[in-house]
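User: I have a model open here and want to go through it with you. Can we start with the strand pairing?

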Amino acid sequence: MKTHLNFLPLLLLLPFAACTKSSDSSTTPVNLPRGNFAGPFMLVHQSSLTGKLDTSYANITLSLSPSGNFAVGGDTSKIQAGSFGTYSGDATTINFIDVTINKRTQNTAKKHLNGTFNYTYGNSNLKMTLVADTLFYNYNLTNY
């Protein structure tokens, strides 16, 4: 009987413990990159037949608005498509939803800024990367 009484104070405190607030780190705001950026976009393709790497470059501009919209411009003549849409993210990834993609443009040689990229941002430098099958996307942009 004595051992049952030892647990009685703990059982009485249990309802109060459930009502206490805990700090939630997920509510910490994330400062996503904002502003106008420019720099090289590099696309690396590995041939599935030969294993060799083919690298292409284009100088692009990227505008990231505080409202969550983006626009891509600059040299959009060959490998990077000029486009726009929305973006969101967290401390390590940024997700772009390109609203200019459709069935006709999806399979062209030009790449759209679409999908989830790993990124780092500091000292006005925005670096974004994405590995997709045999493609490697690399953006090395500077805030201007």
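User: Which residue in β6 is the bridge partner of threonine 93?
Analyst: Asparagine 118 is the partner of threonine 93. Note that this is a predicted model, where local features need pLDDT of at least 70, side-chain atom pairs count only at pLDDT 80 or more, and totals for chains, interfaces and linings use all residues. Residues are numbered from 1 along each chain as its sequence is written, and side-chain values use heavy atoms, leaving out hydrogens and water.

User: How many bridges pair β5 and β6?
Analyst: 4, in the antiparallel sense, with β6 covering residues 115–122. Strands pair if DSSP finds at least two bridges between them; strands (E, at least two residues) and helices (H or I, at least four) are DSSP runs, numbered from the N terminus.

User: What do the 8 strands close into?
Analyst: A barrel, in the order β1-β2-β3-β4-β5-β6-β7-β8, with antiparallel pairing. The twist averages 30° from one strand to the next, using lines fitted to C-alpha atoms and angles from 0 to 180 degrees between N-to-C directions.

User: And where do the helices come along the sequence?
Analyst: The protein has 3 helices, and the pattern reads α-α-β-β-β-β-β-α-β-β-β.

User: Where does valine 99 lie?
Analyst: In the loop between β5 (93–98) and α3 (103–106).

User: Buried or exposed?
Analyst: Valine 99 is exposed, because its relative accessible area is 52%; exposed means over 50%, buried under 20%, and partly exposed in between, with a 1.4 Å probe and protein chains only.

User: How much of the protein is buried?
Analyst: Buried residues are 28% of the 144.
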